[in-house]
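Below are my notes on the structure for a colleague who has not looked at it before. Please read them with the model open.

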Amino acid sequence: MRKFIFDISLFFILLLIVLSILTCGCWCWILTHPAQFYTHSNANIRMGQEKMCHKSTPSIILIGGSNCAFGFDSKLIVDALHMPVINTGVSAGIGLYTQTQMVLPYVSKGDIIIICPEYEQFTSLLYGDETLLLAISSNDKDLFHLLSLKQIIYLSQYLPSAIKDIVSARVWFNESNNDDYAPYWDTCVNEYGDNAAWGKRLHHNFPSEGRLEPSNIDKESVRYIKTFIKDIHSKSAECLLLPPVYRDEEFHENIDVIEKLTERLEKNGTPFISHPINYVVPDSLCFDSRYHLTHEGAILRTQQVINDIIPYMH
């Protein structure tokens, strides 16, 4: 019996060693084989880092997924509040943790940080998914240094699919081969970080993108928001949490989850500064996703944000 237990234990130890070696090898491969994904997210990671690094006056910095990239006309904020704006909105798959950590080192006194996470970033996308691995491969490897050990372990499940995409030399949204993806090209990012392909972002009919699961609200995401806001306040800057823009049809489908999340954030001491209902838009103002707006939708959403943050301006 003892020999059987010993053999089983040895087998699992050897299996763990082999899996660890394979995982480390996959991470090394990701870090040494640049991917070619010419998307607005990759462009915004590079440009956002550069703009934050060189900012010399207090700025308004927008953090979030593609609801930020495809949901703001930042010039309206500049004109109304007379502060520079840096929109760091990238794909939600980058993860809320990495999105915020990319900004934190550059925050300085007088900045106003506005976080508009997708609702999914409070369920399954705190640490990101395959999208983050592709961004690490496509961009400066400094992104890798932002990852926590827990995040590295979590992301390892996406290594095979990320490597498959890179090996197959698949180039997403390349303007030379697919006009359907034109609004997602890296060349569509304007000086503020907005996706400004206004003429290509016309309303499309698209089906519901699925239910948010009430049981999936991640307590760790809610706690992390509180930690991040404290870090921002320690730098003598303001940090405001806003709900994302959302298509009305799906808002009503997911109202139970959104209300539950809103309640948890309030109990956490980090409430949305405006009720989610204020950011619900009709289908006619959505482009191709419940989070992506037409230009008219982006203007209306931006004006709502201006009205919501004015009371917090010092």
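1. Strand β4 has cover on both faces: E238 and L240 on one side, and C239 and L241 on the other, are all buried. Buried here means under 20% relative accessible area, exposed means over 50%, and partly exposed lies in between (1.4 Å probe, protein chains only). Strands (E, at least two residues) and helices (H or I, at least four) are DSSP runs, numbered from the N terminus.

2. This is a predicted model, in which local features need pLDDT of at least 70 and side-chain atom pairs count only at pLDDT 80 or more, while totals for chains, interfaces and linings use all residues. Residues are numbered from 1 along each chain as its sequence is written, and side-chain values use heavy atoms, with hydrogens and water left out.

3. The protein chain holds 13 helices and eight strands. Of its 314 residues, 51% count as buried. Its accessible surface is about 14700 Å², and 59% of that belongs to carbon and sulfur atoms; such areas come from the Shrake-Rupley method with a 1.4 Å probe, and for residues only the protein chains shown count as cover. Contact means heavy atoms within 4.5 Å. Among contacts between residues at least 6 apart in sequence, 84% join residues at least 24 apart.

4. Where does β4 sit in its sheet? The sheet is open, has four strands in the order β2-β1-β3-β4, and is paired in parallel. Because β2 (85-87) and β4 (238-241) stand at the edges with a single partner strand each, one side of each has no neighbour in the sheet. Neighbouring strands of this sheet are turned by 15° against each other on average, direction ignored. Angles run from 0 to 180 degrees between N-to-C directions, and axes are lines fitted to C-alpha atoms, for helices over the stretch in contact.

5. The partner of β4 is β3 (residues 112-116), and the two pair in the parallel sense over four bridges. Two strands pair if DSSP finds at least two bridges between them. Along this pairing, I112 stands opposite E238 and I114 stands opposite L240.

6. Strand β1 (residues 60-64) is mostly covered, with five of its five residues buried. I60, L62 and G64 point one way from the strand, I61 and I63 point the other way, and all are buried. In a regular strand the side chains alternate between the two faces of the sheet. Three bridges pair β1 with β2 in the parallel sense, and I61 stands opposite I86 in β2. Five bridges join β1 to β3, again running parallel, and there I60 stands opposite I112.

7. I63 counts as buried because its relative accessibility is 0%. The C-alpha atoms of I63 and I114 are separated by 6.1 Å, although the two residues are 51 apart along the chain.

8. Helix α5 (residues 96-103) is also mostly covered, with eight of its eight residues buried.

9. Two packed helices are described by the angle between their axes and the distance between the axes. For α4 (residues 74-81) and α13 (residues 295-309), the angle is about 35° and the axes are 9 Å apart. Their crossing is right-handed, meaning that the near helix is turned clockwise from the far one by less than a right angle. L76, I77, A80 and L81 of α4 meet I299, T302, I306 and I309 of α13. By class, the contact has seven nonpolar, one polar and no charged residues. Ala, Val, Leu, Ile, Met, Phe, Trp, Tyr, Cys and Pro count as nonpolar, Asp, Glu, Lys and Arg as charged, and the others, Gly among them, as polar.

10. H82, in the loop between α4 and β2, has phi near 55°, a positive value in a residue other than glycine. H82 is exposed, as its relative accessible area is 67%. S236, in the loop between α10 (219-233) and β4, has a positive phi near 60° and is likewise not a glycine. S236 is partly exposed, with a relative accessible area of 47%.
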